[in-house]
Amino acid sequence: MTALKDMWLEMHWNTKLHRKVLGSQQGNCAFYEWALELQNQNTLLYGNTAHLSDIQLCNQLEANICDKLTVPVLRAKLTNNISLKKWIEEVKHLDDKHLKDLASHRKITEELYRTSKHAMSSTKTSSSKTYNPSSSCLGTLTEAERTLLMKHRGCFKCRKFYVLHQLKDCTNGTLEASSYKTLTEADAIMAKLKTKTIAAIRPVGAVMPSPFQNRPPYVALSLDRAFF
Ligand SMILES: [Zn+2]
């Protein structure tokens, strides 16, 4: 009775282990550790009908490696005429290479992310400076200047009269505080006269400022989109 029980337990244990070997998949494990574990389990089955031969174990491993390794292993055409030990070593080499590539890709991606983030934040800083008429390099517009600019179709950023754009569309560079003089009614009249003269010589369309001038760099933004 005891012998029968032992035999049954033994058989049960073998079947369980055999199933475990056949059902094992690499998943997220490193290939070499997984292959060693499977070899150890198979060794325990030695002498039993459930024990896998080297060729069977090799097929078992090959059929259950992770997706990322499948293509490199197939390309390497390893299964012909090499021992199980050699096959495992070769696949380990491919797995190591794959992990190394993965690590360097991650590093490149992180680097690009950092660079694009930096470029984006510097673009933000420069644009907020550009569109802010009261930036540190130039004094805030006085109430009189504001009124003048409004009256004479001026731009609050470049502070020019009779222009065809507004503050948010202004493509002119930031003014230098050193060369700036407070706006007067006379300036507005001068600008009006100039505009009339230009309009008389050339059609208005020809003096329109290009909307593509002084654009902030969008390279960083498109990079960001490409990678994330
Ligand atoms: Zn302007």
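## Stop one: a leucine between two helices

Start by selecting L52, which sits in the loop between α2 (31-44) and α3 (54-64). Helices here are DSSP runs of H or I with at least four residues, strands are E runs of at least two, and both are numbered from the N terminus. Before going on, keep in mind that this is a predicted model: local features need pLDDT of at least 70, side-chain atom pairs count only at pLDDT 80 or more, and totals for chains, interfaces and linings use all residues. Residues are numbered from 1 along each chain as its sequence is written.

Is L52 buried or exposed? L52 counts as buried because it has 20 C-beta neighbours inside 10 Å. The scale goes like this: buried takes 20 or more other C-beta atoms within 10 Å of the residue's own, exposed takes 12 or fewer, and partly exposed falls in between, with C-beta atoms placed from the backbone.

N42 and L52 are 10 residues apart along the chain, with 6.5 Å between their C-alpha atoms. Leaving aside neighbours within four places in sequence, L52 is in contact with V21, N42, L57 and Q60. Contact means that the two C-beta atoms, placed from the backbone, lie within 7 Å.

## Stop two: the largest nonpolar core

Next, pick F31, A35, L38, L57 and L61; of the 13 residues in the largest nonpolar core, these touch the most other members. The elements giving two or more residues to this core are α2, α3 and α5 (84-130), and α2 gives the most, with four. A nonpolar core is a set of buried Ala, Val, Leu, Ile, Met, Phe, Trp, Tyr and Cys residues joined through C-beta atoms within 7 Å.

Zoom in on F31. Setting aside neighbours within four places in sequence, F31 has contacts with Q26, I65, L69, V91, K92 and D95.

## Stop three: the loop between α6 and α7

Jump to R153, found in the loop between α6 and α7. Most residues other than glycine have a negative phi. R153 counts as partly exposed because it has 17 C-beta neighbours inside 10 Å.

Y162 lies in the loop between α6 and α7 too. Y162 also has a positive phi, about 50°, without being a glycine. With 17 C-beta neighbours inside 10 Å, Y162 counts as partly exposed.

Then select L167, in the loop between α6 (143-151) and α7 (185-201). L167 has 14 C-beta neighbours inside 10 Å, so it counts as partly exposed. Show G154 as well: G154 and L167 are 13 residues apart in sequence and 8.9 Å apart, C-alpha to C-alpha.

## Stop four: zoom out

Colour by secondary structure and you get eight helices and zero strands. Of the chain's 228 residues, 12% count as buried. Among contacts between residues at least 6 apart in sequence, 62% join residues at least 24 apart.

Finally, colour by pLDDT, the predictor's confidence in each residue, from 0 to 100. The chain averages 80, and 75% of the residues score at least 70. Residues 128-136 have pLDDT below 50, and this stretch has 12 contacts in the model beyond near neighbours in sequence. Residues 218-228 are also below 50, with 11 such contacts. Where pLDDT is low, the predicted coordinates should not be read in detail.
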